[in-house]
Amino acid sequence: MGLGAMVARAAALPGRATEMMVSPKHFVLGNPMRGPWPDGYKVAVFANGCFWGSEKGIWRLPGGGIYSTAVGYAAGYTPNPTYEEVCSGMTGHTEGVQVVYDPSKISFVDILRWFWEAHDPTQGMGQGNDRGTQYRSGFYWFDDEQRQLLEASKQAYEEALKSKNLGPITTELRAASDYPVCFYYAEDYHQQYLAKPGARPYCSAQPREVSLPPFESWAPPGLEHHAPKLPESFWKVHGPKPHCVIRSPNAPIDANSF
């Protein structure tokens with residue numbers, strides 16, 4: 001099986017029933033790492049290359065809307081896989097991030113904009129020097145509104161990339177319900193890795209510095225209430241750039257800095 005070939009479900013590793021043990025509290029935000037989550041909060045799961053930097057970029061979003069984040073293994077077949085198993089390509093998972101957010105403080109559109117702009121979604125089975133199915137780009141929706149917003153934003157971002165002679169987008173968009181469990185927690189040492197002492201400053205993400213077009217230009221009818229809460233001034237100052245996650249502080253971005 002080559003680096004770019006998905007393992008067949010029947011050939012995937014058997015895994016185990018035991019869940020991965022993780023710290024009870026987020027290393028940076030201090031909130032719980034596992035649910036149940038506060039009433040009204042939402043969950044998003046995405047993958048855009050090495051999960052260390054993907055997670056840090058999201059927990060740093062300002063405004064207090066990000067309640068918790070975790071890295072793990074998404075959209076695969078093997079129950080409770082290990083890192084080594086995922087890297088073998090024999091579980092079907094991609095390195096993913098789970099985000100728990102307060103939609104009254106941050107919009108799903110803000111999260112998906114960061115997702116699109118923080119990596120190169122045209123690279124197929126890999127990101128930068130990291131190659132293999134475990135590094136593929138993907139976003140997994142939990143309700144129909146997330147689905148509509150993802151599909152519309154993908155089309156809009158693909159047009160923006162095309163105007164720069166980039167593309168097409170290869171990102172996998174699927175329902176979280178397509179999997180018995182969409183997201184399994186990774187080992188505790190991977191959680192909030194880039195904030196921990198002695199961490200290797202590494203992230204394979206390849207931001208193209210192409211902006212997602214304005215929400216009003218692609219918003220699905222009836223979903224205008226998902227308008228972004230982060231202003232354009234945030235993106236001008238703090239939008240994803242090559243290596244920005246590695247160089248940035250660990251704390252969430254100060255709302256007075258843009």
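Analyst: A crossover is right-handed if, with the strands pointing away from the viewer, the path from the first strand over the helix to the second runs clockwise. Helices (H or I, at least four residues) and strands (E, at least two) are DSSP runs, numbered from the N terminus.

User: Which elements make the right-handed β-α-β unit here?

Analyst: Strand S6, helix H4 (residues 144-162) and strand S7 make it. This is a predicted model: local features need pLDDT of at least 70, side-chain atom pairs need 80 or more, and totals for chains, interfaces and linings use all residues. Residues are numbered from 1 along each chain, and side-chain values use heavy atoms, without hydrogens or water.

User: How many bridges join S6 to S7?

Analyst: Strands pair if DSSP finds at least two bridges between them. S6 (residues 137-141) and S7 (residues 172-175) run parallel and are joined by four. Trp141 faces Ala175 of S7.

User: How many aromatic pairs does the structure hold?

Analyst: Rings of Phe, Tyr and Trp (its six-membered ring) pair with centres within 6.5 Å; planes under 30 degrees apart are stacked, over 60 edge-to-face, the rest tilted. The structure has 19 pairs. Trp114 and Trp235 form a tilted one, at 6.1 Å between centres and 40° between planes. This pair links helix H3 (residues 108-117) to helix H5 (residues 232-238), with the partners 121 residues apart. Phe46, Tyr101, Phe108, Phe115, Trp116, Phe139 and Tyr157 make up one aromatic cluster.

User: Which residue lies over the face of Trp235?

Analyst: A charge sits over a ring if Lys NZ or Arg CZ is within 6 Å of the ring centre and within 35 degrees of the ring normal. Arg113 lies over Trp235, 4.2 Å from the ring centre. Arg200 lies over the face of Tyr202, at 4.8 Å.
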